[in-house]
Amino acid sequence: MKYSIRRQITAIFITLFVFVLGAVLIFNNGFLGTYYLSHKTKDLIRTYDEIDDTLQEGNLTDQSVQRGIVIRTERANIDLVVVDSGGDALLTTLSQEDPRFKQMLSEPFGQAINSDDILEQNDSFTVYRSTTQGVSGSNLEYLKMWGNFSDGSWFVMQSPLASIRESASLANRFLIYLGLIGLSVGAVFVWLFSRRITQPLMELARLSQEMANLNFDAKYTGGGPDEIGVLGSNFNRMSAQLEKTISELKSANNQLQKDIEQKEKIEDMRNEFLGNVSHELKTPIALIQGYAEGLKEGVNDDPESREFYCDVIMDEADKMNQMVKNLLTLNQLEFGSDEVQFERFDIVNLVRGVIASCEILIQQAGADVDFVADEKLYVWADEFKTEQVVRNYLTNAIHHVANEKRIEIRIRREGDIAHITVFNSGKPIPEGDLPKLWDKFYKVDKAHTREYGGNGIGLSIVKAIMESFRQKYGVRNFDNGVEFWFDLDAKTENTSLH
(Lines give C-alpha, C1' and ligand atoms only; values in the text may rest on other atoms or scores of the structure.)
Protein backbone atom coordinates (compact mmCIF):
# COMPACT_ATOMS: atom_id res chain seq x y z
CA MET A 1 0.00 0.00 0.00
CA LYS A 2 1.36 3.40 -0.99
CA TYR A 3 0.28 5.11 2.21
CA SER A 4 0.64 2.18 4.61
CA ILE A 5 1.40 2.90 8.26
CA ARG A 6 4.34 0.51 8.05
CA ARG A 7 5.98 2.66 5.38
CA GLN A 8 5.19 5.82 7.30
CA ILE A 9 6.70 4.48 10.55
CA THR A 10 9.89 3.45 8.73
CA ALA A 11 10.12 6.81 6.95
CA ILE A 12 9.60 8.71 10.22
CA PHE A 13 12.31 6.63 11.93
CA ILE A 14 14.82 7.24 9.14
CA THR A 15 14.05 10.97 9.09
CA LEU A 16 14.43 11.30 12.86
CA PHE A 17 17.65 9.27 12.85
CA VAL A 18 19.18 11.37 10.07
CA PHE A 19 18.09 14.56 11.83
CA VAL A 20 19.65 13.47 15.15
CA LEU A 21 22.85 12.33 13.46
CA GLY A 22 23.16 15.61 11.55
CA ALA A 23 22.53 17.61 14.72
CA VAL A 24 25.25 15.64 16.55
CA LEU A 25 27.74 16.29 13.74
CA ILE A 26 26.93 20.01 13.71
CA PHE A 27 27.25 20.32 17.50
CA ASN A 28 30.42 18.25 17.41
CA ASN A 29 32.04 20.58 14.85
CA GLY A 30 30.74 23.76 16.43
CA PHE A 31 31.20 23.19 20.13
CA LEU A 32 33.79 20.43 20.58
CA GLY A 33 36.67 22.97 20.25
CA THR A 34 35.19 25.27 22.87
CA TYR A 35 34.54 22.37 25.23
CA TYR A 36 38.09 21.07 24.69
CA LEU A 37 39.64 24.46 25.48
CA SER A 38 37.52 24.80 28.60
CA HIS A 39 38.39 21.29 29.75
CA LYS A 40 42.12 21.71 28.98
CA THR A 41 42.20 25.08 30.76
CA LYS A 42 40.83 23.40 33.89
CA ASP A 43 43.54 20.70 33.56
CA LEU A 44 46.26 23.38 33.45
CA ILE A 45 44.85 25.26 36.44
CA ARG A 46 44.44 21.98 38.38
CA THR A 47 48.12 21.11 37.63
CA TYR A 48 49.19 24.61 38.76
CA ASP A 49 47.30 24.25 42.05
CA GLU A 50 48.77 20.81 42.67
CA ILE A 51 52.39 21.97 42.07
CA ASP A 52 51.89 25.13 44.14
CA ASP A 53 50.58 23.05 47.07
CA THR A 54 53.55 20.69 46.72
CA LEU A 55 56.00 23.64 46.73
CA GLN A 56 54.44 25.07 49.86
CA GLU A 57 54.83 21.69 51.56
CA GLY A 58 58.46 21.48 50.34
CA ASN A 59 57.94 18.08 48.67
CA LEU A 60 58.65 18.98 45.05
CA THR A 61 62.18 17.62 45.31
CA ASP A 62 60.80 14.22 46.23
CA GLN A 63 61.36 11.88 43.27
CA SER A 64 58.07 9.97 43.78
CA VAL A 65 56.09 13.22 43.89
CA GLN A 66 57.78 14.48 40.75
CA ARG A 67 57.14 11.14 38.99
CA GLY A 68 53.43 11.32 39.89
CA ILE A 69 53.14 14.86 38.54
CA VAL A 70 54.96 13.92 35.32
CA ILE A 71 52.72 10.91 34.73
CA ARG A 72 49.55 12.94 35.20
CA THR A 73 50.71 15.73 32.88
CA GLU A 74 51.79 13.31 30.18
CA ARG A 75 48.39 11.62 30.31
CA ALA A 76 46.78 15.03 29.88
CA ASN A 77 49.22 15.79 26.98
CA ILE A 78 50.70 18.74 28.88
CA ASP A 79 54.33 19.90 28.59
CA LEU A 80 55.62 21.38 31.89
CA VAL A 81 58.75 23.30 32.96
CA VAL A 82 59.17 24.65 36.48
CA VAL A 83 62.19 26.94 37.13
CA ASP A 84 63.31 28.39 40.44
CA SER A 85 64.18 32.02 40.97
CA GLY A 86 67.81 31.26 40.14
CA GLY A 87 66.97 29.87 36.71
CA ASP A 88 67.48 26.21 37.50
CA ALA A 89 64.85 23.68 36.35
CA LEU A 90 63.05 22.16 39.33
CA LEU A 91 60.66 19.96 37.34
CA THR A 92 60.20 19.25 33.62
CA THR A 93 58.36 16.69 31.53
CA LEU A 94 60.80 17.27 28.65
CA SER A 95 64.44 16.50 28.30
CA GLN A 96 66.68 19.52 28.15
CA GLU A 97 67.70 18.49 24.61
CA ASP A 98 64.08 18.59 23.41
CA PRO A 99 63.54 21.59 21.11
CA ARG A 100 60.26 22.24 22.86
CA PHE A 101 62.14 22.65 26.18
CA LYS A 102 64.35 25.32 24.73
CA GLN A 103 61.45 26.96 22.92
CA MET A 104 59.42 27.13 26.15
CA LEU A 105 62.31 28.68 28.11
CA SER A 106 63.22 31.09 25.35
CA GLU A 107 59.73 32.59 25.15
CA PRO A 108 59.88 35.92 27.04
CA PHE A 109 57.56 36.39 30.02
CA GLY A 110 55.27 39.39 30.17
CA GLN A 111 55.04 39.62 26.42
CA ALA A 112 52.04 41.41 25.00
CA ILE A 113 49.18 38.95 24.43
CA ASN A 114 46.13 39.65 22.32
CA SER A 115 43.19 39.96 24.67
CA ASP A 116 41.07 37.76 22.33
CA ASP A 117 43.51 34.89 22.94
CA ILE A 118 43.42 35.07 26.76
CA LEU A 119 41.19 32.38 28.28
CA GLU A 120 41.97 32.79 32.01
CA GLN A 121 44.14 35.35 33.89
CA ASN A 122 44.93 36.46 37.46
CA ASP A 123 47.90 37.82 39.43
CA SER A 124 49.69 34.45 39.42
CA PHE A 125 49.18 33.09 35.89
CA THR A 126 47.78 33.66 32.41
CA VAL A 127 46.15 31.03 30.17
CA TYR A 128 46.05 31.89 26.47
CA ARG A 129 46.20 30.53 22.96
CA SER A 130 49.46 30.93 21.09
CA THR A 131 50.85 30.08 17.69
CA THR A 132 54.49 29.00 17.67
CA GLN A 133 56.79 28.00 14.83
CA GLY A 134 57.75 24.40 15.16
CA VAL A 135 61.03 22.66 14.44
CA SER A 136 59.93 21.78 10.94
CA GLY A 137 59.06 25.40 10.28
CA SER A 138 55.29 24.90 10.43
CA ASN A 139 53.11 26.93 12.77
CA LEU A 140 51.75 25.02 15.74
CA GLU A 141 48.86 26.22 17.90
CA TYR A 142 49.14 25.68 21.66
CA LEU A 143 47.18 26.34 24.77
CA LYS A 144 49.77 27.94 27.06
CA MET A 145 49.97 28.93 30.69
CA TRP A 146 52.81 30.81 32.46
CA GLY A 147 53.19 32.61 35.73
CA ASN A 148 54.65 32.45 39.23
CA PHE A 149 54.15 30.13 42.16
CA SER A 150 53.73 31.36 45.68
CA ASP A 151 57.42 30.64 46.52
CA GLY A 152 58.69 32.89 43.70
CA SER A 153 59.54 30.13 41.17
CA TRP A 154 57.99 30.41 37.75
CA PHE A 155 56.62 27.92 35.24
CA VAL A 156 55.51 27.34 31.67
CA MET A 157 52.89 24.78 30.59
CA GLN A 158 51.54 24.07 27.13
CA SER A 159 49.24 21.62 25.37
CA PRO A 160 48.95 21.30 21.57
CA LEU A 161 45.56 22.15 20.09
CA ALA A 162 46.06 20.23 16.86
CA SER A 163 44.80 17.05 18.54
CA ILE A 164 41.34 18.51 19.09
CA ARG A 165 40.75 19.07 15.40
CA GLU A 166 41.98 15.58 14.62
CA SER A 167 39.77 14.18 17.39
CA ALA A 168 36.75 16.07 16.08
CA SER A 169 37.40 14.82 12.55
CA LEU A 170 37.82 11.24 13.72
CA ALA A 171 34.74 11.50 15.90
CA ASN A 172 32.68 12.84 12.99
CA ARG A 173 33.83 10.07 10.65
CA PHE A 174 33.14 7.48 13.33
CA LEU A 175 29.64 8.93 13.94
CA ILE A 176 28.93 8.87 10.21
CA TYR A 177 29.98 5.22 9.87
CA LEU A 178 28.17 4.25 13.04
CA GLY A 179 25.11 6.24 11.99
CA LEU A 180 24.93 4.54 8.58
CA ILE A 181 25.19 1.11 10.20
CA GLY A 182 22.64 2.06 12.87
CA LEU A 183 20.33 3.52 10.24
CA SER A 184 20.44 0.33 8.15
CA VAL A 185 19.98 -2.04 11.08
CA GLY A 186 17.37 0.21 12.72
CA ALA A 187 15.39 0.53 9.48
CA VAL A 188 15.27 -3.27 9.13
CA PHE A 189 14.16 -3.74 12.74
CA VAL A 190 11.58 -0.94 12.48
CA TRP A 191 10.24 -2.51 9.26
CA LEU A 192 9.93 -5.88 11.00
CA PHE A 193 8.56 -4.61 14.32
CA SER A 194 6.11 -2.23 12.66
CA ARG A 195 4.38 -5.36 11.37
CA ARG A 196 3.29 -6.05 14.97
CA ILE A 197 1.43 -2.74 14.85
CA THR A 198 0.15 -2.85 11.29
CA GLN A 199 -1.04 -6.48 11.36
CA PRO A 200 -3.65 -5.86 14.13
CA LEU A 201 -4.65 -2.64 12.36
CA MET A 202 -5.15 -4.55 9.11
CA GLU A 203 -7.26 -7.08 11.01
CA LEU A 204 -9.34 -4.22 12.40
CA ALA A 205 -9.67 -2.80 8.87
CA ARG A 206 -10.91 -6.17 7.59
CA LEU A 207 -13.27 -6.40 10.56
CA SER A 208 -14.71 -2.95 9.82
CA GLN A 209 -15.20 -4.01 6.19
CA GLU A 210 -17.08 -7.14 7.31
CA MET A 211 -19.22 -4.99 9.63
CA ALA A 212 -19.94 -2.62 6.71
CA ASN A 213 -21.15 -5.68 4.78
CA LEU A 214 -23.37 -6.61 7.78
CA ASN A 215 -21.31 -9.69 8.57
CA PHE A 216 -21.14 -9.69 12.37
CA ASP A 217 -19.63 -13.17 12.73
CA ALA A 218 -16.12 -11.80 12.17
CA LYS A 219 -14.37 -10.96 15.46
CA TYR A 220 -11.04 -9.39 16.42
CA THR A 221 -8.81 -12.17 17.75
CA GLY A 222 -5.52 -10.28 18.28
CA GLY A 223 -6.23 -9.46 21.92
CA GLY A 224 -3.61 -7.85 24.13
CA PRO A 225 -3.76 -5.17 26.85
CA ASP A 226 -2.44 -2.35 24.63
CA GLU A 227 -4.45 0.37 22.90
CA ILE A 228 -4.99 -1.74 19.75
CA GLY A 229 -6.22 -4.66 21.88
CA VAL A 230 -8.67 -2.34 23.65
CA LEU A 231 -9.80 -0.99 20.28
CA GLY A 232 -10.29 -4.54 18.98
CA SER A 233 -12.32 -5.45 22.07
CA ASN A 234 -14.46 -2.36 21.54
CA PHE A 235 -14.91 -3.38 17.88
CA ASN A 236 -16.20 -6.78 19.02
CA ARG A 237 -18.65 -5.18 21.44
CA MET A 238 -19.75 -2.70 18.80
CA SER A 239 -20.24 -5.55 16.32
CA ALA A 240 -22.38 -7.49 18.81
CA GLN A 241 -24.39 -4.37 19.68
CA LEU A 242 -24.90 -3.51 16.00
CA GLU A 243 -26.03 -7.07 15.27
CA LYS A 244 -28.50 -6.89 18.16
CA THR A 245 -29.75 -3.45 17.11
CA ILE A 246 -30.14 -4.43 13.45
CA SER A 247 -31.90 -7.63 14.51
CA GLU A 248 -34.28 -5.58 16.65
CA LEU A 249 -34.82 -3.16 13.77
CA LYS A 250 -35.51 -6.04 11.40
CA SER A 251 -37.95 -7.55 13.91
CA ALA A 252 -39.64 -4.18 14.38
CA ASN A 253 -39.75 -3.67 10.61
CA ASN A 254 -41.13 -7.17 10.11
CA GLN A 255 -43.74 -6.57 12.79
CA LEU A 256 -44.61 -3.22 11.22
CA GLN A 257 -44.95 -4.92 7.83
CA LYS A 258 -47.19 -7.55 9.40
CA ASP A 259 -49.27 -4.84 11.05
CA ILE A 260 -49.63 -3.04 7.73
CA GLU A 261 -50.56 -6.28 5.99
CA GLN A 262 -52.96 -7.12 8.81
CA LYS A 263 -54.52 -3.69 8.55
CA GLU A 264 -54.88 -4.09 4.78
CA LYS A 265 -56.26 -7.58 5.30
CA ILE A 266 -58.76 -6.35 7.87
CA GLU A 267 -59.80 -3.57 5.53
CA ASP A 268 -60.24 -6.06 2.68
CA MET A 269 -62.16 -8.38 5.00
CA ARG A 270 -64.35 -5.50 6.12
CA ASN A 271 -65.13 -4.52 2.55
CA GLU A 272 -65.70 -8.16 1.61
CA PHE A 273 -67.83 -8.67 4.70
CA LEU A 274 -69.99 -5.65 3.95
CA GLY A 275 -70.38 -6.77 0.34
CA ASN A 276 -71.29 -10.33 1.31
CA VAL A 277 -73.70 -9.27 4.05
CA SER A 278 -75.33 -6.80 1.70
CA HIS A 279 -75.62 -9.51 -0.94
CA GLU A 280 -76.97 -12.10 1.53
CA LEU A 281 -79.50 -9.71 3.05
CA LYS A 282 -80.66 -8.35 -0.27
CA THR A 283 -82.67 -11.45 -1.27
CA PRO A 284 -84.54 -12.03 2.04
CA ILE A 285 -85.24 -8.32 2.44
CA ALA A 286 -86.60 -8.18 -1.11
CA LEU A 287 -88.78 -11.23 -0.45
CA ILE A 288 -90.05 -9.85 2.84
CA GLN A 289 -90.75 -6.49 1.25
CA GLY A 290 -92.53 -8.04 -1.75
CA TYR A 291 -94.73 -10.40 0.25
CA ALA A 292 -95.51 -7.69 2.84
CA GLU A 293 -96.61 -5.33 0.06
CA GLY A 294 -98.74 -8.15 -1.39
CA LEU A 295 -100.44 -8.66 1.95
CA LYS A 296 -101.04 -4.95 2.33
CA GLU A 297 -102.49 -4.60 -1.16
CA GLY A 298 -104.60 -7.76 -0.74
CA VAL A 299 -103.25 -9.53 -3.80
CA ASN A 300 -104.95 -12.71 -2.62
CA ASP A 301 -107.78 -12.46 -0.12
CA ASP A 302 -108.11 -16.16 0.61
CA PRO A 303 -106.76 -17.29 4.00
CA GLU A 304 -104.40 -19.89 2.53
CA SER A 305 -102.61 -17.27 0.39
CA ARG A 306 -102.26 -14.89 3.32
CA GLU A 307 -100.92 -17.72 5.48
CA PHE A 308 -98.38 -18.63 2.74
CA TYR A 309 -97.26 -15.00 2.50
CA CYS A 310 -96.83 -14.84 6.26
CA ASP A 311 -94.87 -18.11 6.31
CA VAL A 312 -92.49 -16.81 3.64
CA ILE A 313 -91.95 -13.57 5.58
CA MET A 314 -91.33 -15.46 8.83
CA ASP A 315 -88.99 -17.95 7.16
CA GLU A 316 -86.90 -15.23 5.54
CA ALA A 317 -86.79 -13.28 8.79
CA ASP A 318 -85.63 -16.43 10.61
CA LYS A 319 -82.88 -16.94 8.02
CA MET A 320 -81.74 -13.34 8.51
CA ASN A 321 -81.77 -13.78 12.28
CA GLN A 322 -79.74 -17.01 12.05
CA MET A 323 -77.21 -15.37 9.71
CA VAL A 324 -76.73 -12.45 12.09
CA LYS A 325 -76.20 -14.86 15.00
CA ASN A 326 -73.66 -16.83 12.99
CA LEU A 327 -71.86 -13.65 12.01
CA LEU A 328 -71.63 -12.54 15.64
CA THR A 329 -70.31 -15.97 16.65
CA LEU A 330 -67.75 -15.95 13.84
CA ASN A 331 -66.64 -12.42 14.72
CA GLN A 332 -66.06 -13.41 18.35
CA LEU A 333 -64.04 -16.46 17.29
CA GLU A 334 -61.90 -14.67 14.72
CA PHE A 335 -60.97 -11.77 16.99
CA GLY A 336 -60.34 -13.91 20.07
CA SER A 337 -63.03 -12.27 22.21
CA ASP A 338 -64.80 -15.60 22.75
CA GLU A 339 -62.80 -17.42 25.43
CA VAL A 340 -62.18 -21.13 24.94
CA GLN A 341 -63.06 -23.24 28.01
CA PHE A 342 -61.15 -26.52 27.89
CA GLU A 343 -62.67 -29.43 29.74
CA ARG A 344 -62.67 -33.22 29.55
CA PHE A 345 -65.82 -34.82 28.09
CA ASP A 346 -66.99 -37.88 26.16
CA ILE A 347 -66.98 -37.07 22.44
CA VAL A 348 -68.96 -40.24 21.63
CA ASN A 349 -71.80 -39.17 23.86
CA LEU A 350 -71.74 -35.63 22.40
CA VAL A 351 -72.00 -36.90 18.80
CA ARG A 352 -74.90 -39.19 19.74
CA GLY A 353 -76.72 -36.18 21.18
CA VAL A 354 -76.20 -34.12 18.02
CA ILE A 355 -77.47 -36.99 15.82
CA ALA A 356 -80.56 -37.32 18.01
CA SER A 357 -81.31 -33.58 17.81
CA CYS A 358 -81.07 -33.69 13.99
CA GLU A 359 -83.35 -36.74 13.64
CA ILE A 360 -86.16 -34.74 12.03
CA LEU A 361 -83.81 -33.25 9.40
CA ILE A 362 -82.39 -36.74 8.72
CA GLN A 363 -85.87 -38.13 8.18
CA GLN A 364 -86.85 -35.21 5.90
CA ALA A 365 -83.76 -35.86 3.78
CA GLY A 366 -84.53 -39.59 3.71
CA ALA A 367 -81.00 -40.39 4.80
CA ASP A 368 -79.54 -43.27 6.82
CA VAL A 369 -76.94 -42.43 9.47
CA ASP A 370 -74.29 -44.96 10.51
CA PHE A 371 -72.36 -44.07 13.66
CA VAL A 372 -69.18 -46.08 14.25
CA ALA A 373 -67.38 -45.48 17.56
CA ASP A 374 -66.28 -47.08 20.82
CA GLU A 375 -68.41 -46.90 23.91
CA LYS A 376 -66.55 -43.90 25.27
CA LEU A 377 -63.68 -41.66 24.24
CA TYR A 378 -62.73 -38.70 26.38
CA VAL A 379 -61.18 -35.61 24.83
CA TRP A 380 -59.97 -32.18 25.95
CA ALA A 381 -61.77 -29.26 24.25
CA ASP A 382 -64.54 -26.70 24.63
CA GLU A 383 -67.64 -28.92 24.69
CA PHE A 384 -70.07 -26.26 23.44
CA LYS A 385 -67.88 -25.26 20.49
CA THR A 386 -67.15 -28.89 19.65
CA GLU A 387 -70.90 -29.45 19.42
CA GLN A 388 -71.09 -26.52 16.96
CA VAL A 389 -68.46 -28.18 14.77
CA VAL A 390 -70.24 -31.56 14.80
CA ARG A 391 -73.60 -29.95 14.16
CA ASN A 392 -72.27 -27.89 11.23
CA TYR A 393 -70.66 -30.99 9.68
CA LEU A 394 -73.80 -33.12 10.16
CA THR A 395 -76.31 -30.52 8.88
CA ASN A 396 -74.03 -29.84 5.92
CA ALA A 397 -73.96 -33.61 5.18
CA ILE A 398 -77.76 -33.84 5.51
CA HIS A 399 -78.30 -30.95 3.07
CA HIS A 400 -75.92 -32.42 0.47
CA VAL A 401 -76.58 -36.14 0.83
CA ALA A 402 -77.49 -37.82 -2.47
CA ASN A 403 -77.33 -41.11 -4.38
CA GLU A 404 -77.83 -43.86 -1.78
CA LYS A 405 -78.50 -41.14 0.84
CA ARG A 406 -75.96 -42.52 3.31
CA ILE A 407 -74.28 -40.58 6.11
CA GLU A 408 -71.47 -42.21 8.07
CA ILE A 409 -69.96 -40.77 11.24
CA ARG A 410 -66.78 -42.38 12.64
CA ILE A 411 -64.73 -41.73 15.78
CA ARG A 412 -61.43 -43.52 16.16
CA ARG A 413 -58.43 -42.98 18.38
CA GLU A 414 -55.02 -42.51 16.76
CA GLY A 415 -52.46 -42.33 19.58
CA ASP A 416 -53.25 -39.19 21.58
CA ILE A 417 -55.63 -37.87 18.91
CA ALA A 418 -59.37 -38.49 18.46
CA HIS A 419 -60.12 -38.41 14.73
CA ILE A 420 -63.79 -37.59 13.88
CA THR A 421 -65.13 -37.91 10.30
CA VAL A 422 -68.55 -37.14 8.75
CA PHE A 423 -69.12 -38.69 5.32
CA ASN A 424 -72.13 -38.14 3.04
CA SER A 425 -72.74 -39.89 -0.25
CA GLY A 426 -73.29 -37.65 -3.20
CA LYS A 427 -71.46 -35.56 -5.72
CA PRO A 428 -67.79 -34.75 -4.92
CA ILE A 429 -66.81 -31.10 -4.51
CA PRO A 430 -64.77 -29.68 -7.42
CA GLU A 431 -61.07 -29.70 -6.48
CA GLY A 432 -60.74 -25.98 -7.23
CA ASP A 433 -63.42 -25.18 -4.67
CA LEU A 434 -61.97 -27.22 -1.78
CA PRO A 435 -59.58 -24.51 -0.42
CA LYS A 436 -62.37 -21.89 -0.60
CA LEU A 437 -64.92 -23.85 1.41
CA TRP A 438 -63.71 -22.29 4.66
CA ASP A 439 -64.11 -18.70 3.40
CA LYS A 440 -67.07 -16.69 4.67
CA PHE A 441 -70.13 -16.68 2.37
CA TYR A 442 -68.52 -19.05 -0.12
CA LYS A 443 -71.03 -21.45 -1.74
CA VAL A 444 -70.27 -24.19 -4.23
CA ASP A 445 -73.90 -24.52 -5.33
CA LYS A 446 -75.56 -21.17 -4.62
CA ALA A 447 -79.03 -22.27 -5.75
CA HIS A 448 -78.99 -25.41 -3.61
CA THR A 449 -77.61 -23.53 -0.61
CA ARG A 450 -80.29 -20.88 -0.93
CA GLU A 451 -82.89 -23.61 -1.18
CA TYR A 452 -82.20 -25.01 2.31
CA GLY A 453 -81.41 -21.60 3.84
CA GLY A 454 -77.59 -21.83 4.01
CA ASN A 455 -75.52 -18.67 4.03
CA GLY A 456 -71.93 -19.98 3.66
CA ILE A 457 -70.87 -19.16 7.24
CA GLY A 458 -71.05 -22.60 8.90
CA LEU A 459 -67.68 -23.90 7.69
CA SER A 460 -66.05 -20.55 8.50
CA ILE A 461 -67.24 -21.04 12.08
CA VAL A 462 -65.74 -24.56 12.04
CA LYS A 463 -62.41 -23.14 10.83
CA ALA A 464 -62.36 -20.46 13.55
CA ILE A 465 -63.23 -22.96 16.31
CA MET A 466 -60.62 -25.53 15.26
CA GLU A 467 -57.92 -22.86 15.00
CA SER A 468 -58.82 -21.68 18.50
CA PHE A 469 -58.35 -25.33 19.61
CA ARG A 470 -55.04 -25.42 17.65
CA GLN A 471 -56.16 -28.71 16.08
CA LYS A 472 -56.34 -29.96 12.50
CA TYR A 473 -59.42 -30.12 10.28
CA GLY A 474 -60.19 -30.60 6.60
CA VAL A 475 -62.19 -32.18 3.80
CA ARG A 476 -61.58 -35.14 1.46
CA ASN A 477 -63.26 -36.11 -1.82
CA PHE A 478 -64.23 -39.69 -2.61
CA ASP A 479 -65.70 -41.14 -5.79
CA ASN A 480 -69.08 -41.55 -4.12
CA GLY A 481 -69.14 -38.58 -1.76
CA VAL A 482 -67.39 -36.10 0.53
CA GLU A 483 -65.86 -36.50 4.01
CA PHE A 484 -65.28 -33.66 6.48
CA TRP A 485 -63.00 -34.34 9.47
CA PHE A 486 -61.37 -32.78 12.54
CA ASP A 487 -59.04 -33.86 15.38
CA LEU A 488 -59.21 -33.40 19.15
CA ASP A 489 -56.74 -33.97 21.98
CA ALA A 490 -57.37 -37.36 23.58
CA LYS A 491 -54.46 -37.46 26.04
CA THR A 492 -55.09 -38.94 29.47
CA GLU A 493 -54.02 -35.62 31.02
CA ASN A 494 -54.50 -32.22 29.45
CA THR A 495 -51.11 -30.84 28.48
CA SER A 496 -52.25 -28.56 25.67
CA LEU A 497 -54.36 -25.96 27.39
CA HIS A 498 -53.97 -22.53 25.85
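Biologist: Which residue does E414 meet in a salt bridge?

Modeller: The model is predicted: local features need pLDDT of at least 70, side-chain atom pairs count only at pLDDT 80 or more, and totals for chains, interfaces and linings use all residues. Residues are numbered from 1 along each chain as its sequence is written, and side-chain values use heavy atoms, with hydrogens and water left out. A salt bridge is a side-chain nitrogen of Lys or Arg within 4 Å of a carboxyl oxygen of Asp or Glu. At 2.9 Å, N to O, the side chain that E414 meets is that of R412.

Biologist: Which residues do salt bridges with shared partners join into one network?

Modeller: A search of the whole structure gives nine salt bridges. Those that share partners join, into one network, R406, E408 and R410.

Biologist: Why does R412 count as partly exposed?

Modeller: Buried means under 20% relative accessible area, exposed over 50% and partly exposed in between (1.4 Å probe, protein chains only). E414 is partly exposed, with a relative accessible area of 41%. R412 counts as partly exposed because its relative accessibility is 38%.

Biologist: How many helical turns separate D43 and R46?

Modeller: The side chains of D43 and R46 meet in a salt bridge of 2.6 Å, N to O. D43 counts as buried because its relative accessibility is 11%, whereas R46 counts as partly exposed because its value is 48%. Helices (H or I, at least four residues) are DSSP runs, numbered from the N terminus. Because D43 and R46 are three residues apart in helix α1, their separation is about one helical turn.

Biologist: How far from K40 is the nearest side chain of opposite charge?

Modeller: K40 lies in helix α1, residues 5–57, and is buried yet has no salt bridge. Lys and Arg count as positive, Asp and Glu as negative, while His and the chain ends are not counted. The nearest side chain of opposite charge is D43, at 4.2 Å.

Biologist: What does K40 touch, not counting residues up to four places away in sequence?

Modeller: Contact means heavy atoms within 4.5 Å. By that criterion, K40 touches A76, L143 and S159.

Biologist: Which residue caps the N-terminal end of α9?

Modeller: A polar contact is a pair of N or O atoms within 3.5 Å; within protein, one must be able to donate a hydrogen and the other to accept it, and residues adjacent in sequence count only if both atoms are side-chain atoms. At this end of α9, a side-chain oxygen lies 3.1 Å from the backbone nitrogen of F384. The cap is D382.

Biologist: What span is expected for α9?

Modeller: Helix α9 covers residues 383–400, 18 residues, and reaches 26 Å from its first C-alpha to its last. The expected span is 1.5 Å times one less than the number of residues. The reach of α9 is close to the expected 26 Å.

Biologist: How far apart in space are L394 and V354, C-alpha to C-alpha?

Modeller: L394 is in helix α9 and counts as buried because its relative accessibility is 1%. Leaving aside neighbours within four places in sequence, the contacts of L394 include V354, I355, C358 and I407. L394 and V354 are 40 residues apart in sequence, and their C-alpha separation in space is 8.3 Å.

Biologist: What share of the protein's residues counts as buried?

Modeller: The secondary structure comes to 11 helices and 13 strands, a strand being a DSSP run of E of at least two residues. Of the 498 residues, the buried share is 36%.
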